[in-house]
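Trainee: I have a model open on my screen and would like to walk through it with you. Shall we begin?

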Amino acid sequence: MTDKIAAAPDATTPISGGPLSGLRVIEFGQLLAGPYVGTLLGDFGAEVVKVELPGAGDPMRDWGRLRHNDHSLWWSIIGRNKRSVSLNLRTKRGQELAAELCATADIVVENFRPGTMERWGLGPHDVHARNPRCIYARVSGYGQTGRYRDRVGFASAGEAIAGLRYINGHPGLPPPRTGLSLGDTLAAQSAFQGILLALYARDARGLTGQVVDASIVDACFSVLESTIVEYEKCGFVRQPTGTRLPRIAPSNVYRSKDGKWVVIAANADTLWRRLAAAMGRPELGEDPRFATHHARGEHEDLLDEIIGEWAGRHTAAELDTILNEAGVVCAPVYTAEDIYNDPYFRERELLVPHVDEVHGEMSVPGVVPKLSKTPGAIRSSARWTVGADTAEVLGAIGVGRDELEQLAREGVIGLPESPSGADPSADSATASTEG
């Protein structure tokens with residue numbers, strides 16, 4: 001475990017291994033929010049030991065809309081840069097071994113329902129009693145406090161109660177969801193941010209470890225801008241507005257000649273004049289109906305009609321070229337196919353080549369953000385065998401081969417060569433995943 005921040009030999013020389021190299025993470029939990037925190041930590045160099053139930057392991061191994069080579073494609077991303085240890089936390093010995101692992105950790109990440117880790121003797125009090133410098137990160141649906149703390153937390157429910165779903169979509173229609181588990185991802189990023197802050201407090205300010213309490217509701221609520229004070233001070237409840245923000249004009253999606261959607265945004269005076277000139281109608285730039293921000297807001301329907309008619313005479317590619325060359329905000333609404341075929345995403349290393357042991361050569365999401373001296377990296381593929389690293393990791397804390405085999409027979413651990421008889425079903429206590 002790291003005792004302090006190590007000074008770089010040369011402040012101008014990049015450090016290999018990532019900014020979190022030398023830190024050890026023990027990851028508990030399953031599905032998305034908690035494990036994605038582990039992925040982010042691993043991407044930036046931390047050693048991540050993922051604890052899974054013997055048998056099937058994390059249900060994420062089998063999740064995803066599509067399968068390739070009879071395996072989940074999602075797992076190849078969420079499981080990268082991690083080692084797999086198979087432990088049955090419902091057994092006394094499994095809990096003892098997990099506690100020993102936590103004693104070696106800089107960071108513990110868990111995403112079970114509040115109270116679960118305490119019942120297993122693995123809560124923050126238990127871990128800090130042996131390892132006071134450990135950062136203990138908890139990700140749940142509703143947080144560790146408040147009247148809703150004990151509810152099962154899914155991203156869909158968190159997005160709903162936090163107000164994020166209500167203001168999405170079109171007026172008068174059911175509030176839609178994004179096609180992603182947005183609440184889980186936001187919660188994971190919030191926890192990741194909290195861990196980095198706690199590490200700084202520990203290693204730069206000399207404090208002991210602390211608890212990071214992140215939730216789906218917290219993370220979704222944090223992006224609501226001024227919606228609550230708008231209600232408190234003005235009695236105004238912000239409503240869903242479809243493809244545009246009222247009185248922020250022009251800023252909308254427009255259908256191109258070839259049937260694609262394109263974002264065109266010129267909701268600033270200088271941008272509007274550029275757009276008017278690019279459309280071949282420079283006089284509109286000074287037209288009193290459109291010359292100022294407030295005037296354009298008053299006439300946003302007319303603006304959308306004018307811009308929509310012009311956009312419909314050009315292909316999406318033509319619009320992209322014309323408007324970006326003119327200095328107007330414009331971007332096509334991309335599909336996965338469009339992203340894959342645009343070289344920008346490889347130039348930016350948002351898509352990077354990777355060889356996975358199950359799926360072979362892949363273009364996978366790269367590491368963000370980009371750091372100039374301590375960049376993150378994909379150092380290892382997802383472990384496709386549950387408990388692949390159990391013997392090595394537990395051996396390092398003094399568990400001998402004979403005991404490993406005995407524990408496997410008892411269902412306390414799972415070894416790849418000695419499958420455990422433990423119930424592989426998902427733990428009903430888990431939280432923080434999209435349904």
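Mentor: Happy to, and keep in mind that this is a predicted model. Let's begin with Val364: leaving aside neighbours within four places in sequence, Val364 is in contact with Arg80, Leu350, Leu351, Val352, His354 and Ile378.

Trainee: Which strand does Val364 lie in, and is Val364 buried or exposed?

Mentor: Val364 belongs to strand S13, which covers residues 360–365. Buried means a relative accessible area under 20%. Val364 has a value of 4%, so Val364 is buried.

Trainee: How far apart in space are Val364 and Arg149?

Mentor: Along the sequence, 215 residues separate Val364 and Arg149. In space, going from C-alpha to C-alpha, the distance is 35 Å.

Trainee: Can we step back to the whole protein chain? How many helices and strands are there, and what share of the residues is buried?

Mentor: The chain has 17 helices and 13 strands, and its C-alpha trace spans about 85 × 50 × 45 Å along the principal axes. Among contacts with a separation of 6 or more, 70% are between residues 24 or more positions apart. Of the 435 residues, the buried share is 46%.

Trainee: Which residues of H1 meet H7, and what is the handedness of the crossing?

Mentor: From H1, the residues are Ala33, Tyr36, Val37, Leu40 and Leu41. They meet Asp184, Thr185, Ala188, Gln189, Ala191, Phe192 and Ile195 in H7. By type, the residues of this contact divide into 9 nonpolar, 2 polar and 1 charged. As for handedness, the crossing of H1 and H7 is right-handed.

Trainee: How many disulfides does the structure hold?

Mentor: Take Cys102, which is buried at 1% relative accessible area. Its closest cysteine sulfur is in Cys134, 6.6 Å away, which is too far for a bond. Cys220 is also a buried cysteine, with a relative accessible area of 0%. The number of disulfides in the structure is 0.

Trainee: What is phi for Asn69 and for Arg247?

Mentor: Most residues other than glycine have a negative phi. Asn69 lies in the loop between strand S3 (67–68) and strand S4 (71–72), and at 47% relative accessibility Asn69 is partly exposed. Arg247, in the loop between H9 and S9, is partly exposed at 39%. Both have a positive phi: near 55° for Asn69 and about 70° for Arg247.

Notes: Residues are numbered from 1 along each chain as its sequence is written. This is a predicted model: local features need pLDDT of at least 70, side-chain atom pairs count only at pLDDT 80 or more; totals for chains, interfaces and linings use all residues. Side-chain values use heavy atoms; hydrogens and water are left out. A disulfide is a pair of cysteine sulfur atoms within 2.5 Å. Buried means under 20% relative accessible area, exposed over 50%, partly exposed in between (1.4 Å probe, protein chains only). A crossing is left-handed if the near helix is turned anticlockwise from the far one by less than a right angle, and right-handed if clockwise. Helices (H or I, at least four residues) and strands (E, at least two) are DSSP runs, numbered from the N terminus. Contact means heavy atoms within 4.5 Å. Ala, Val, Leu, Ile, Met, Phe, Trp, Tyr, Cys and Pro count as nonpolar, Asp, Glu, Lys and Arg as charged, and the others, Gly among them, as polar.
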